[in-house]
Amino acid sequence: MLTEIRHKFNVSEIRKDFPILNRIVSGKPLIYLDNAATTQKPECVINVISHYYRNFNSNIHRGVYSISAKASEEFDYARKTVRNFIGAKSESEIIFTRGTTEAINLVAYSYGRTNVSEGDEILISAMEHHANIVPWQVLCEEKKARLKIIPITDKGEIILEEYEKLLNEKVKLVAVCHVSNTLGTVNPVKQMISLAHRQEIPVLVDGAQAVQHMKVDVDDLDADFYCFSSHKVYGPMGIGVLYGKSSCLEFMPPYQTGGDMISSVSFEKTTYNELPMKFEAGTPNVEGAIGLKEALDYVNRIGIENIAGYEKELLEYASYKLSAVEGIKIIGTAAEKTSVISFVVNKLNALDIGLMLDTYGVCVRTGHHCTEPLMKRFQIPGTVRVSISFYNTKEEIDYFADSLNKVIERLRK
Ligand code: PMP
């Protein structure tokens, strides 16, 4: 039985960093348990964006004046911070995108359209987010290639033997999530990459639900591509990262064209810029990069291991509290999980539960969580999903579990 949080973690101090956590919504303190959808922002991130606009807003890499030089310097520094955060070898392997979705689309468009042809195969898992399904589906339709699905167990774990069987010379790419946004499953991506590499198959890892929960080292994983979104790791929306090995990126054509991604343009011929600019057409999201850098610095100050340790305890506590709720079934019971719990309650509609929890000030997500094929796999229309961050508390989990019991009682009347 788990009754106390043992990890040394000063959550009340941490909560002071997040202004939104003090809000009263509909007369109730805000209990934010939808962190897999997006995370809240610490004051330092909010301030750094405001500071940028108040003091040195300007376009980068062009201005000859000092505030543009400062903006360029901060933008470039953000890339360096991202590189260190995920253990990439070089800043030229870090491409800023709008988010995970755009990063995957970039690879599908650029790598996919040059390397995939009729009869080839792309492998994805049964637990992928739509962002890591649809771009591959469109590519396969266009190229007359086949999208193949790595099956999962009832616990929500990838069946490695089946995965191994699917690897063959026709497979041109494996695209798999590091962590499932619906089940919380942590996939054995290092092992999966090593198995794929034995047959020289590159691997893209969708890290949208991983970098905020665990130490990620792309070099150690040996990932060919790795992507994530800033807004899920305490940074601003509208910016994300595609890491790509330079040996892959060098040979890929641009994804979008225009200013900045060129080296020289004439009406006869255009030559492209070096990495990473080759993949960053147009004015970038400067405020986003600066905000993301601040968010990663913030996470580093707290320590990702401390975050992981505390979140693990909250996950255990919340799983224990939820298992006592009558008629509940937790979907996703993998041995390795991050702090995400999806569940269904006997005969009750997930949306009704979510809407009623809101009247208690509790924010959770309901529905298919952009993983419709996964819902089909479990033969359910949707789940209620609770996703926990390091600023959540045991008291919030208690309040949530009490509110859930009251909601169920009201819905059963
Ligand atoms: N992949 C996973 C696993 C996700 O959870 C999400 C966001 N829910 C995405 C991809 C897409 O991220 P974004 O909407 O930030 O591009």
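Student: How much space lies in the second largest pocket?

Tutor: In this predicted model, about 290 Å³ of space lies in the second largest pocket. Of the 13 residues in its lining, Ala308, Lys312, Glu336, Lys337 and Thr338 are the closest to the centre.

Student: Why is the second largest pocket said to lie between domain 1 and domain 2?

Tutor: Domain 1 (11-41 + 303-411) and domain 2 (47-301) both give residues to the lining of the second largest pocket, so the pocket lies between them.

Student: What classes of residue make up the lining of the second largest pocket?

Tutor: The lining of the second largest pocket divides into five nonpolar, three polar and five charged residues. Lysine and glutamate count as charged, and Lys312 and Glu336 are among the residues closest to the centre of this pocket.

Student: What is the volume of the largest pocket, and which residues lie nearest its centre?

Tutor: The volume of the largest pocket is about 420 Å³. Its lining has 25 residues, and Thr101, His129, Ser229, His231 and Lys232 lie nearest the centre. By class, the lining of the largest pocket holds nine nonpolar, ten polar and six charged residues.

Student: Which helix gives the largest share of the lining of the largest pocket?

Tutor: Helix H4 (residues 100-115) gives the largest share, three residues.

Student: Is Tyr234 called buried or exposed, and what is the reason?

Tutor: A residue is buried when its relative accessible area is under 20%. Tyr234 has a value of 1%, and therefore Tyr234 is buried. Tyr234 is placed in the loop between strand S9 (225-229) and strand S10 (240-244), and its phi is near 75°, a positive value in a residue other than glycine.

Student: Is Gln379 counted as buried or exposed, and what is the reason?

Tutor: The term exposed requires a relative accessible area over 50%. Gln379 has 73% relative accessibility, so Gln379 counts as exposed. Gln379 is found in the loop between helix H13 (372-377) and strand S17 (383-387). Its phi is positive, about 55°, although Gln379 is not a glycine.

Student: What makes the peptide bond from Leu275 to Pro276 cis or trans?

Tutor: The omega of the bond from Leu275 to Pro276 is near 0°, and the bond is cis. Pro276 lies in the loop between strand S12 (270-272) and helix H10 (286-302).

Conventions. Residues numbered from 1 in each chain as written. Predicted model: local features only at pLDDT ≥ 70, side-chain atom pairs only at ≥ 80, totals over all residues. Heavy atoms only, no water. 1 Å grid on protein atoms, 1.4 Å probe; cavity = no way out; pocket = protein on both sides within 12 Å on 5 of 7 lines; lining within 4 Å. Points joined across faces, edges and corners; volume = space filled by probe spheres on them. Helix = DSSP H or I, 4+ residues; strand = E, 2+ residues; numbered from the N terminus. Domains from an automatic or database assignment. Buried < 20%, exposed > 50% of the residue type's maximum accessible area, 1.4 Å probe, protein only.
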